[in-house]
Amino acid sequence: MLDRLDVALIDAMHTHPRVGDLELSRLLGVARATVQSRLRKMEEAGVITGYAPDIDLAAAGHPVQAFVTLQIVQGSIADVTEELESLPNVLEAFITSGDADIVCKIAATSHEDLKDTLLHISGSGSVARTSSVIVLSELVPARVLPMLRKGAVDPPPRAPAFR
């Protein structure tokens, strides 16, 4: 579980994505070594998975987005996984419960490009049925900080010498 300092560090990195460890330590009022140690621990635990830039898909030439549900042929998850991974327009895919077996997020340069991707997926022998919903606009952007803030615990107490 993340404590309040871990969340504050993630928040500061999100707010100031290009800032270094020294500036993070100044922003948070902790030692640089503390920042470095916390970052290393969160990286090793898999909490922080990368430092890639956020990309605006529309600005990058992919303004059409859709969510596509797939019902797959029994026992074909490996084939479907390979098929979806081969399509660069497929941004994410999740195995789900309910009526659909898989939910994908797809981005495309145009409706024609989206149609071609959907036809490719539908033509797969491993996919029995698809259903798609086109994104009209983003209501709540991808985020994790509100959830992390809500669940953060108090940091462990400091040694008496540092109080």
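**View 1. The buried residues of helix α1 in this predicted model.** In α1, the buried residues are Leu5, Asp6, Val7, Leu9, Ile10, Ala12 and Met13; buried means under 20% relative accessible area, exposed over 50%, and partly exposed in between (1.4 Å probe, protein chains only). These residues pack against α2 (21–28), α3 (32–44) and α6 (145–151), where contact means heavy atoms within 4.5 Å. Helices (H or I, at least four residues) and strands (E, at least two) are DSSP runs, numbered from the N terminus. This is a predicted model, in which local features need pLDDT of at least 70 and side-chain atom pairs count only at pLDDT 80 or more, while totals for chains, interfaces and linings use all residues. Residues are numbered from 1 along each chain as its sequence is written, and side-chain values use heavy atoms, with hydrogens and water left out.

**View 2. Helix α1 from end to end.** The 12 residues of α1 (residues 4–15) reach 16 Å from the first C-alpha to the last, close to the 16 Å expected at 1.5 Å a residue. That expected span is 1.5 Å times one less than the number of residues in the helix. At the N-terminal end, Asp3 caps α1, with a side-chain oxygen 3.0 Å from the backbone nitrogen of Leu5; a polar contact is a pair of N or O atoms within 3.5 Å, and within protein one must be able to donate a hydrogen and the other to accept it, with residues adjacent in sequence counting only if both atoms are side-chain atoms.

**View 3. Where α1 meets α3.** The two helices α1 and α3 pack at an angle of about 95°, with axes 11 Å apart. Axes are lines fitted to C-alpha atoms, for helices over the stretch in contact, and angles run from 0 to 180 degrees between N-to-C directions. α1 and α3 are therefore roughly perpendicular to each other, a term for angles of 65 to 115 degrees. From α1, the contact is made by Leu5, Asp6, Leu9, Ile10 and Met13, and from α3 by Thr34, Val35, Arg38, Leu39 and Met42. Look for Asp6 here: at 8% relative accessibility, Asp6 counts as buried. Leaving aside neighbours within four places in sequence, Asp6 is in contact with Arg38 and Met42.

**View 4. Helix α3 and what follows.** Buried residues of α3 are Val35, Ser37, Arg38, Leu39 and Met42, and their cover includes α1 and α2. After α3 comes Gly46, whose phi is positive, near 85°.

**View 5. The largest nonpolar core.** This core has 17 residues, and those with the most contacts inside it are Leu70, Leu84, Cys104, Ile106 and Ile121. A nonpolar core is a set of buried Ala, Val, Leu, Ile, Met, Phe, Trp, Tyr and Cys residues joined through side-chain atoms within 4.5 Å. At least two residues of the core come from each of β1 (64–72), α4 (77–85), β3 (102–108) and α5 (111–122). β1 gives the largest share, 5 residues. Apart from this core lies another, of 16 residues, including Leu9, Met13, Met42 and Leu145.

**View 6. Two loop residues, Asn89 and Val135.** Asn89 is in the loop between α4 and β2 (90–95) and counts as buried, at 14% relative accessibility. Val135 is in the loop between β4 (127–134) and α6; with a relative accessible area of 28%, Val135 is partly exposed. Not counting residues up to four places away in sequence, Val135 touches Gln65, Ala66 and Phe67.

Methods
Angles under 35 degrees count as roughly parallel, over 145 as roughly antiparallel, 65 to 115 as roughly perpendicular and the rest as oblique.
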